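Hi,

Here is the structure I promised to pass on. Have a look at it first, and then read on for what turned up.

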Amino acid sequence: MNLRDQLLEILQASEKPLSVDQLTERLQLASTDDFKELIRTLNALEEEGAIGRTRTNRYGTLATLGQVAGIISIHQRGFGFLSVEGEAEDVFLPPDQLKDVYHGDTILVKKREDNRGKTEGILLKVLKRGLSEFVGTYTLPSGRLDQFAFIEPDDKRINFWPVVNPDKSLGAVDGHKVVVRITKYPDGRFAGACDVVRIIGHKNDPGVDILSIVYKHGIPTEFPEDVIAQANAVPDEPDEKDFIGRVDLRDETIFTIDGEDAKDLDDAVHVKKLDNGNYELGVHIADVSHYVKEGSPLDVEAFERGTSVYLVDRVIPMLPHRLSNGICSLNPHVNRLTLSCVMEISPQNGKVVRHDLFPSVIKTTERMTYTNVREIIERDDEETLKKYEPFIGEFDLMAELAEVLRKRRNSRGAINFDFAEAKVVVNEEGKPADIVLRPRSVAEKLIEEFMLAANETVAEHFHKMDVPFIYRVHDNPKPDKLDFF
């Protein structure tokens with residue numbers, strides 16, 4: 001066992017902090033070189049926040065000393081919350097404890113109770129700076145070129161405006177939105193310094209505000225070459241050999257139902273009445289895993305991104321468009337590989353009485369929009385009814401099943417989150433022109449019920465199999481944040 005691990009083991013086993021002499025004795029160190037290595041290791045562990053030190057130079061674990069280390073999130077009003085890994089509650093820090101501390105820093109604090117019995121932190125030290133780059137506006141005082149430029153951060157939690165190093169401006173001018181890299185943090189006398197590493201565009205140019213948000217959150221806008229190469233090697237259509245081992249559902253009447261502006265259609269549904277009077281609900285999800293193999297460049301990049309990002313005027317996809325809008329999108333009238341959850345549901349109580357999960361191949365019948373489906377179900381538009389006349393019965397059946405499922409959910413005490421959504425309307429210049437309410441119609445609610453039924457069915461299936469599985473759980477809000485709210 002190396003010295004670092006030995007030290008951690010000794011300190012974790014001790015109920016009290018230990019002096020250097022006590023540690024030397026327990027480690028049975030004899031030489032001067034061993035003692036020097038002990039001091040170096042203690043300093044290194046302290047610097048990274050693995051252990052703490054008392055005023056009398058005794059060392060112990062953070063738990064022994066009543067200390068915690070974590071990442072600070074600073075509010076615009078000056079206070080902050082320290083997020084500590086492994087602890088459910090954040091630690092509140094008042095403004096007077098955040099001098100020379102900046103949003104995203106890793107800090108060490110000692111916990112104490114305030115006069116209200118609430119836990120708060122006393123700053124001990126900054127362990128690591130969290131912010132290296134940020135987005136802001138290049139600003140020249142009075143627009144004069146002979147003065148130092150500084151950066152006004154877009155994120156109001158960044159409470160300093162660093163000066164731009166004169167030879168590192170990339171030719172930016174007053175009003176440019178830029179990405180900067182911090183080269184020096186403020187030290188009380190100096191405002192800090194930075195280099196411009198990217199010019200996004202002028203703050204008044206169309207679309208620059210959205211791009212600023214993209215760069216602010218570090219969202220990658222381009223894919224690496226090896227990812228693009230792998231995506232380009234994927235065929236435009238599935239091959240017949242890909243259908244082996246899959247249930248062929250191409251003769252089923254299956255629909256995608258999405259918003260008008262959706263490009264990647266990743267789920268589809270079918271509903272029909274069985275001879276025994278029960279409903280059959282099928283939910284079919286695009287089988288992306290057939291094309292994105294574990295450990296491949298596509299998989300690594302998708303893991304890094306985590307999700308597609310939806311902005312006001314664009315989508316930054318998790319996978320290249322060739323996949324997300326192509327072979328992995330359940331476009332109408334073409335063969336697509338899917339994973340299917342087919343459920344038999346009782347009309348009396350909405351219970352799933354039987355289900356099956358399997359890989360499949362489908363060919364969606366139509367690409368429907370929420371507006372189309374609402375107009376059909378509510379008999380609201382003659383032109384739409386005429387266009388989709390052969391499928392009116394299918395959508396009526398969907399509405400009927402959705403109501404059965406909704407009643408079951410409500411009887412179980414479901415919370416109603418049925419709020420109208422706001423949609424920002426963007427003009428041709430990329431600027432917000434209007435904000436309109438987008439109420440959730442019968443069509444959105446219908447798809448929501450079907451997806452919830454499929455999610456619950458899959459979760460229950462794997463729970464009964466007693467195998468490792470990822471469940472999505474909405475935890476209780478943290479008490480200190482709830483109190484503050």
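**Two loop residues with positive phi**

D466 lies in the loop between α12 (442–465) and α13 (479–484). Bear in mind that this is a predicted model. Phi of D466 is near 55°, a positive value in a residue that isn't glycine. Most residues other than glycine have a negative phi. As for cover, D466 counts as exposed, at 68% relative accessibility.

You'll find Q28 in the loop between α2 (20–27) and α3 (32–47). Q28 isn't a glycine, yet its phi is positive, at about 60°. The relative accessible area of Q28 is 70%, so this residue is exposed.

**The chain overall**

Stepping back, the protein chain holds 13 helices and 23 strands. Its radius of gyration is 29 Å, well over the 23 Å that the globule rule gives for 485 residues, so the chain is more spread out than a compact globule. The C-alpha trace spans about 85 × 65 × 50 Å along its principal axes.

Of the 485 residues, 40% are buried. The accessible surface of the chain comes to about 28200 Å², and carbon and sulfur atoms account for 50% of that. If you take the contacts with a separation of 6 or more, 59% of them are between residues 24 or more positions apart. On the charge side, there are 62 positive and 85 negative side chains, with the centres of the two sets 5 Å apart.

**β16 and its two partners**

Which strands does β16 pair with? One is strand β15 (residues 267–273), which runs antiparallel to β16 and is joined to it by 7 bridges. Another is strand β19 (residues 335–345), also antiparallel, with 8 bridges to β16.

The hairpin of β15 and β16 has 5 residues between the strands, and in it G277 takes a positive phi near 95°.

Next up is strand β14 (residues 255–258). F255 and I257 point one way from the strand, while T256 and D258 point the other way, and all of them are buried. β14 runs parallel to strand β21 (residues 366–369), and 4 bridges join the two. Within that pairing, F255 stands opposite E366 in β21.

Is T365 buried or exposed? With a relative accessible area of 18%, T365 is buried, since the cut-off for that label is under 20%. Leaving aside neighbours within four places in sequence, T365 is in contact with E252, T253, I254, F255, H333 and F391.

T106 lies in strand β6 (residues 106–113). Its relative accessible area is 18%, so T106 is buried. Not counting residues up to four places away in sequence, T106 touches G70, I71, V126, L127 and K128.

G66 is found in the loop between α4 (62–65) and β3 (67–74). At 28% relative accessible area, G66 is partly exposed. Which residues does G66 contact, leaving aside neighbours within four places in sequence? They are V109, K110 and K111. G66 and K110 are 44 residues apart in sequence, and their C-alpha atoms are 5.9 Å apart in space.

E428 is in the loop between β22 (421–426) and β23 (432–438). Its relative accessible area is 87%, so E428 counts as exposed. In sequence, E428 and P206 are 222 residues apart, while C-alpha to C-alpha they are 8.9 Å apart in space.

That's the tour. Over to you!

Terms used
Residues numbered from 1 in each chain as written. Predicted model: local features only at pLDDT ≥ 70, side-chain atom pairs only at ≥ 80, totals over all residues. Heavy atoms only, no water. Rg over C-alpha atoms; globule rule 2.2 N^0.38 Å. Buried < 20%, exposed > 50% of the residue type's maximum accessible area, 1.4 Å probe, protein only. Contact = heavy atoms within 4.5 Å. Areas by Shrake-Rupley, 256 points an atom, 1.4 Å probe, with all protein chains shown as cover. Lys, Arg positive; Asp, Glu negative; His and termini not counted. Charge placed at Lys NZ, Arg CZ, Asp CG, Glu CD. Pairing = 2+ DSSP bridges.
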